[in-house]
Amino acid sequence: EQMRLQEIDSCKALLKSYPERDLPQLYGRIQTLYYGFQIDSALVYAHRGIEQSRLLNDKEAEFNAIQRLASSYQMAGSYFEGLALLDSLDRDLLSEDILVRCYSTYNTIYSALETLTVDAKLKQKYRMQADKYKRQILDLDPYNPYVICDTLLRCGKAQEAYDIMLPFVQ
């Protein structure tokens with residue numbers, strides 16, 4: 001945690017002298033560092049990334065920042081705000097990488113909603129949506145380790161999922 005805080009401080013210090021055209025990426029880095037740690041700060045830096053990319057008229061940076069904001073909303077439990085942001089994106093304009101991340105965020109949100117609801121019909125609806133986005137991820141990235149692990153875990157194959165994910169956490 002101390003190393004993360006030091007990196008956040010270093011990135012914040014760079015904000016004063018960083019080239020304006022690269023600020024959306026730096027805001028994205030700061031948002032990523034705060035993600036899952038101090039979600040309110042992650043939300044702030046995701047918003048700043050969107051604002052800066054719009055000032056620069058950099059659509060790719062804007063789409064990245066919007067996806068990061070939707071993901072931060074998901075982490076904060078603001079699922080419907082995250083869905084609304086993702087729905088606002090024109091998928092035809094997104095790179096494959098951003099599209100995969102958007103589909104992953106959709107999948108995560110709908111999986112969380114499925115877990116949280118007690119209504120059987122809503123559970124089924126959310127599961128169908130999560131599965132739809134999982135399939136869309138695999139259409140673009142057939143070897144996506146996160147989707148493969150999720151599938152293995154749902155089939156009770158925890159060791160196989162662990163073996164796949166181990167290189168990512170070492």
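Tyr106 and Tyr133 are both buried, where buried denotes under 20% relative accessible area, exposed over 50% and partly exposed in between (1.4 Å probe, protein chains only). The model is predicted, so that local features need pLDDT of at least 70 and side-chain atom pairs count only at pLDDT 80 or more, while totals for chains, interfaces and linings use all residues. Residues are numbered from 1 along each chain as its sequence is written, and side-chain values use heavy atoms, with hydrogens and water left out.

The structure holds seven aromatic pairs; rings of Phe, Tyr and Trp (its six-membered ring) pair if their centres lie within 6.5 Å, with planes under 30 degrees apart counted as stacked, over 60 as edge-to-face and the rest as tilted. The rings of Tyr103 and Tyr133 are tilted, because their centres are 5.7 Å apart and their planes stand at 40 degrees. This pair links helix H6, which holds Tyr103, to helix H7, which holds Tyr133, across 30 residues; helices are DSSP runs (H or I, at least four residues), numbered from the N terminus. Tyr106 and Tyr133 are stacked, because their ring centres are 4.1 Å apart and their planes at 5 degrees. Tyr103, Tyr106, Tyr110, Tyr126 and Tyr133 form one aromatic cluster.

The largest nonpolar core has 30 residues, of which Leu69, Leu94, Tyr106, Tyr110 and Leu113 touch the most other members. Such a core is a set of buried Ala, Val, Leu, Ile, Met, Phe, Trp, Tyr and Cys residues joined through side-chain atoms within 4.5 Å.

Key
Helices (H or I, at least four residues) and strands (E, at least two) are DSSP runs, numbered from the N terminus.
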